[in-house]
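Please read them with the structure open.

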Amino acid sequence: MRWCSSSAFHLLRCVRLRLCSRRGRNRLPLWIREIWAYMRLLAKSLYANSLTDSDVVFDSVFEPVFLTVDYITRWFGLVFVCLVVILTSSIVVIAYVVLLPLILNTYSPPWIAWHVCYGHWNLIMIAFHYYKAANTSPGYPPTEKHDGPVVSVCKKCIIPKPARTHHCGICNRCILKMDHHCPWLNNCVGHFNHRYFFSFCLFMTLGCVYCSISGRNLFLDAYNALETHYQTPAPPYTFKDKMIHKSIIYMWVLTSTVGVALGALTIWHAVLISRGETSIERHINSKETKRMAKWGKVYRNPFNYGRLNNWKIFLGVEKRSHWVTRVLLPSAHPPHGDGLTWAGFPVKKDLIPA
């Protein structure tokens, strides 16, 4: 019996070695094996441990989709930036070539002064804040060891993460106080350029609303001139007149559409700033509020210092004159703090009375 069992074991071992040698000769290409290993890893992540929940399952299943979107956004960032510059420049050209001559010929001197001053101020604010938002680094945590407080370790960068720091899959690095990655800027919105991003959205919305309201009557006249079916012979419009009418229609439709869409986004970010949150923190705080409510507790955002103080910290307002010099005029002042540490209350509560 002992001899039979040892012989059977030896036979099975030979068969296994032979199968392994055949498998080694018929190995699949490397890229197929990598894809297969990645899919097996995703499948195993669905039942890895008892902490797996619906969010983990969703992230695991849709991770290839997320990677594809990140890849496309990374490579098409310059296209989005060029699109913003081209569309904005086209509206500015129409304003100078078509609208400004009409304003100078039809409006009274006070209204001319108002349109010229407001229009140029709005344009300067849009250009300044867009340039700064796109070219200012959002802020990155140090890659070397430091004495600052950290809350976790990034699973992709393998570096300590300070509070409010999150990893951006498109930039492929961690961002200080990350809000989101904006494809229209081809840049992340973080600690050092968040104010520039919000100011650009605000002044672009104001500019679109200004063009939409001031050009409404011109739009109606141009639309009626092109679309009205005349009982009598149509007025002899020249090619130049038709191009002017089409330019006015294009300007009004574009500014009205962008004004509504960007206005909604600006209002949403204004609400988040009032609460002392970013877009990512809004999702995290919402989940934390629900989790603590199950235990009969109330979650309090540690970075919410009150509406007025949240705005003062965000805009960098330290005295009354800063509402003009740092908010209503172009200003490149840095934000409060370094983005690595967050004090319990960084400004005096009664610095500027509400």
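1. By the ring-pair rule, the count comes to 13 aromatic pairs. Under that rule, rings of Phe, Tyr and Trp (its six-membered ring) pair if their centres lie within 6.5 Å, with planes under 30 degrees apart counted as stacked, over 60 as edge-to-face and the rest as tilted. One of the pairs is Trp 121 with Phe 203, which is edge-to-face at 5.4 Å centre to centre and 90° between the planes. This pair links distant parts of the chain, since Trp 121 lies in helix α6 (residues 109–135) and Phe 203 in helix α7 (residues 194–214), 82 residues apart. Helices (H or I, at least four residues) and strands (E, at least two) are DSSP runs, numbered from the N terminus.

2. This is a predicted model, in which local features need pLDDT of at least 70 and side-chain atom pairs count only at pLDDT 80 or more, while totals for chains, interfaces and linings use all residues. Residues are numbered from 1 along each chain as its sequence is written, and side-chain values use heavy atoms, with hydrogens and water left out.

3. Is Phe 203 buried or exposed? Phe 203 counts as buried because its relative accessibility is 5%, whereas Trp 121, at 26%, counts as partly exposed. Buried means under 20% relative accessible area, exposed over 50%, and partly exposed in between (1.4 Å probe, protein chains only). Both residues belong to a cluster in which ring pairs link Trp 114, Tyr 118, Trp 121, Phe 203 and Tyr 210.

4. The structure holds 3 salt bridges, each being a side-chain nitrogen of Lys or Arg within 4 Å of a carboxyl oxygen of Asp or Glu. One of them joins the side chains of Glu 281 and Arg 164 (2.6 Å, N to O). Glu 281 is in helix α10 (residues 279–294) and Arg 164 in the loop between β2 (160–161) and β3 (166–168), so the bridge ties together parts that are 117 residues apart in sequence. Glu 281 is buried at 6% relative accessible area, and Arg 164 is buried at 11%.

5. Arg 164 also meets aromatic rings. Arg 164 lies over the face of Phe 303, 4.3 Å from the ring centre, and its charged end sits over the ring of Trp 342, 4.6 Å from the centre. The test is NZ of Lys or CZ of Arg within 6 Å of the ring centre and within 35 degrees of the ring normal.

6. Arg 291 forms a salt bridge with Glu 288, with the closest N and O atoms 2.4 Å apart. Both lie in helix α10, 3 residues apart, about one turn of the helix.
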